[in-house]
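Dear colleague,

Please find below the structure that I am handing over to you. My notes on what was found in it follow directly after.

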Amino acid sequence: MDVILLQDVEKVGLRGEVVSVSRGYMRNYLAPRRLAEAASAARVVELQKRDAQRARHEAATFEQAQEIAQNLGAAELRFDVNAGPQGTLFGSVTPTDIADEIWKQLKVRVDRRKIDLPDTIKRVGR
């Protein structure tokens, strides 16, 4: 019996896959737990259309991400902060400051948690 999995089932398949299982397994385990439903021709076609649409969306998203990454790579950020005579900053430049500056200059939203700095910037320089 062919079924469409509604959730990941260990040793059977992943969500959205059409798999073949025995009738008893479907009737006694998968159906009562709402892990699968019977695979009719219309549901399989609908599932394939949804997968194709998701693939197109992911391809467009990937292209947009590449374009944003290229813009970020070419960007030069400058921060006006007070510094002491030896070049030590009063305070520091944090990932939040960097994300805010990217938004001001490029109008691109970047999550501050995605900015990987080994340590905050505490000295004048590049």
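In which loop is lysine 107 found? Lysine 107 is found in the loop between helix H3 (95-106) and strand S5 (121-123); helices (H or I, at least four residues) and strands (E, at least two) are DSSP runs, numbered from the N terminus.

Please note that this is a predicted model, in which local features need pLDDT of at least 70 and side-chain atom pairs count only at pLDDT 80 or more, while totals for chains, interfaces and linings use all residues. Residues are numbered from 1 along each chain as its sequence is written, and side-chain values use heavy atoms, with hydrogens and water left out.

Although lysine 107 is not a glycine, its phi is positive, at about 60°. Lysine 107 is exposed, with a relative accessible area of 54% (buried means under 20% relative accessible area, exposed over 50%, partly exposed in between, with a 1.4 Å probe and protein chains only). Lysine 11 also has a positive phi, near 65°, and is likewise a residue other than glycine. Lysine 11 lies in the loop between S1 and strand S2 (18-20) and counts as exposed at 81% relative accessibility.

Turning to the strands, S1 and S2 run antiparallel and are joined by 3 bridges (two strands pair if DSSP finds at least two bridges between them). Isoleucine 4 has valine 18 in S2 as its bridge partner. S1 is also joined to strand S3 (residues 36-38) by 3 bridges, again in antiparallel fashion, and here leucine 5 has alanine 36 as its bridge partner.

The largest nonpolar core has 9 residues, among them Val3, Leu5, Met26 and Ala36. Such a core is a set of buried Ala, Val, Leu, Ile, Met, Phe, Trp, Tyr and Cys residues joined through side-chain atoms within 4.5 Å. Strand S1 (2-5) and helix H1 (23-30) each supply at least two residues of this core. A second, separate core of 7 residues includes Leu89, Ile98, Val108 and Ile115.

Leucine 72, by contrast, is partly exposed, with a relative accessible area of 31%, and lies in helix H2 (residues 41-74).

Methionine 26 touches several residues, including Met1, Val3, Val21, Pro32 and Ala38, when residues up to four places away in sequence are not counted; contact here means heavy atoms within 4.5 Å.

Yours sincerely
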